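Dear colleague,

I am handing over the structure below, and I would be grateful if you could look it over before reading the notes on charged side chains that follow it.

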Amino acid sequence: MRMVALKTKTAMKNKAMPEPTWKPYSPAIHGRLSTADKTTLPATAFAFPRARKEPMTDATHVRDAMARFNQVGDVTDAERDLAFANFQKAASHFDIR
């Protein structure tokens, strides 16, 4: 039984994290985003770029997106992995710990 647990942990460590796609959007948009604002954003401004969910244009939006990570529906595990990588990159950019 213990050997199975060790193999699982090793497999998880060896799983490559996807390259983040997030890029800072300039000019940064602060405050509430309208539907029109969201449609003009490039896919690289979202935590989930394919689904265009959770825009991250400033530090507040990054924190909000991170808080709602588990509430986002209709995304695959691979998309969640990508979103996590995007969170890390955006948080680093905005100096969020």
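A residue counts as exposed when its relative accessible area is over 50%, and Arg97, with a relative accessible area of 89%, is therefore exposed. Please keep in mind that this is a predicted model.

Arg97 forms a salt bridge with Asp95, and the closest N and O atoms of that pair are 3.8 Å apart. Asp95 is exposed as well, with a relative accessible area of 54%. With the pairing rule set at a side-chain nitrogen of Lys or Arg within 4 Å of a carboxyl oxygen of Asp or Glu, the count comes to three salt bridges.

Another of these salt bridges joins the side chains of Arg50 and Glu79, at 2.3 Å from N to O. This pair links distant parts of the chain, since Arg50 sits in the loop between β1 (46-48) and β2 (53-55) whereas Glu79 belongs to helix α4 (residues 77-93), 29 residues apart. Arg50 counts as exposed at 60% relative accessibility, while Glu79 is buried, with a relative accessible area of 13%.

There is also a salt bridge between Arg68 and Glu54, whose closest N and O atoms are 3.1 Å apart. Arg68 lies in the loop between α3 (59-67) and α4, and Glu54 lies in strand β2, so the pair ties together parts that are 14 residues apart in sequence. Arg68 is partly exposed, with a relative accessible area of 35%, whereas Glu54, at 12% relative accessibility, counts as buried.

Note on methods:
Residues numbered from 1 in each chain as written. Predicted model: local features only at pLDDT ≥ 70, side-chain atom pairs only at ≥ 80, totals over all residues. Heavy atoms only, no water. Helix = DSSP H or I, 4+ residues; strand = E, 2+ residues; numbered from the N terminus. Buried < 20%, exposed > 50% of the residue type's maximum accessible area, 1.4 Å probe, protein only.
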